Amino acid sequence: MKQRYANRSGIVLRRFVTPAGDVILSLLTPQGKLKAIARGGAKGIDASKLNLFQHLALQTYTPPGADLSIATQVTLEGALPRLSAPQIYGYAHLLAELAEVMFQEGEAAQQAFELFGSALRGLSHHADPEWVALVMAFKMLGVAGFAPRVRACASCGSEEVRYFDALSGSLRCAACAEGVSLTPAAARFLGSVYRQTVRQQMETPLEASERPAVWRLLESYTRVHVADLRSWRSLPHEHASALQAQR
């Protein structure tokens with residue numbers, strides 16, 4: 001039975017302002033995704049707290065028979081102003097949209113919550129936010145159970161992989177060739193992304209010239225296995241134009 005009153009802590013994934021000035025929020029919390037409405041939030045004293053990527057503490061009330069909780073009190077627990085910078089915002093929005101579609105209400109998401117928070121901090125503080133976003137997108141897919149099969153060739157088990165098939169979400173070797181051809185560097189990254197820690201990945205970034213192809217593979221894979229994310233159309237790096245050229 002759903003509790004009528006609750007205290008929750010979460011990061012804002014999505015916000016929608018109604019014509020009446022209410023703000024409907026979708027947040028990722030350790031207990032799963034939470035949707036709540038802040039009455040009059042667009043112009044009230046809490047307006048500055050209800051922005052994307054803010055970490056909030058909420059007191060909520062859920063009326064009998066209602067699907068949407070009411071935020072009765074909002075406290076700002078953390079904010080990362082640099083996420084609004086043009087060279088970072090698109091990456092943060094992509095990760096938030098991934099979290100929005102992959103995690104559900106009522107499903108425990110402690111690991112996902114911690115990973116997403118770490119991703120936002122990395123985007124804000126790391127000198128290479130594009131690399132942070134690319135690595136963390138794959139890591140979030142793994143936590144949500146959507147990880148592609150990238151440890152070895154899905155057909156024969158060979159670790160000498162050369163192709164990625166978005167439809168099956170798996171790697172292939174030269175003998176079992178299927179999908180898009182990979183450069184050696186891209187193949188090494190895909191083969192290691194779930195074997196290495198985030199820290200290890202940050203220490204061995206892909207060259208900038210190798211990344212557009214991996215972004216395209218990631219987009220193709222998520223379109224088939226997760227959702228067609230709107231954020232692909234607003235990525236801030238040079239690969240954004242490359243993605244558009246593929247359409």
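In the predicted model, 17 residues of domain 1 are in contact with 20 residues of domain 2, contact being heavy atoms within 4.5 Å. Domain 1 spans residues 5-79 and domain 2 spans 83-234; these bounds come from an automatic or database domain assignment. Their centres, taken over C-alpha atoms, are 29 Å apart.

The two domains bury about 1,500 Å² between them, with 68% given by carbon and sulfur atoms. Buried area is the accessible area (1.4 Å probe) that two parts lose on being put together, summed over both. Leu28, Lys33 and Phe53 supply 44% of the area that domain 1 buries against domain 2, more than any other three residues.

One salt bridge is found across this interface (a side-chain nitrogen of Lys or Arg within 4 Å of a carboxyl oxygen of Asp or Glu). Lys33 and Glu100 form a salt bridge through their side chains, at 3.7 Å from N to O.

On domain 1, the elements giving two or more residues to the side that touches domain 2 are β1 (5-17), β2 (23-29) and β3 (32-38). Strands are DSSP runs (E, at least two residues), numbered from the N terminus. The largest share, five residues, comes from β1.

Residues are numbered from 1 along each chain as its sequence is written. Local features need pLDDT of at least 70 and side-chain atom pairs count only at pLDDT 80 or more, while totals for chains, interfaces and linings use all residues; side-chain values use heavy atoms, leaving out hydrogens and water.

Definitions and conventions:
Helices (H or I, at least four residues) and strands (E, at least two) are DSSP runs, numbered from the N terminus.
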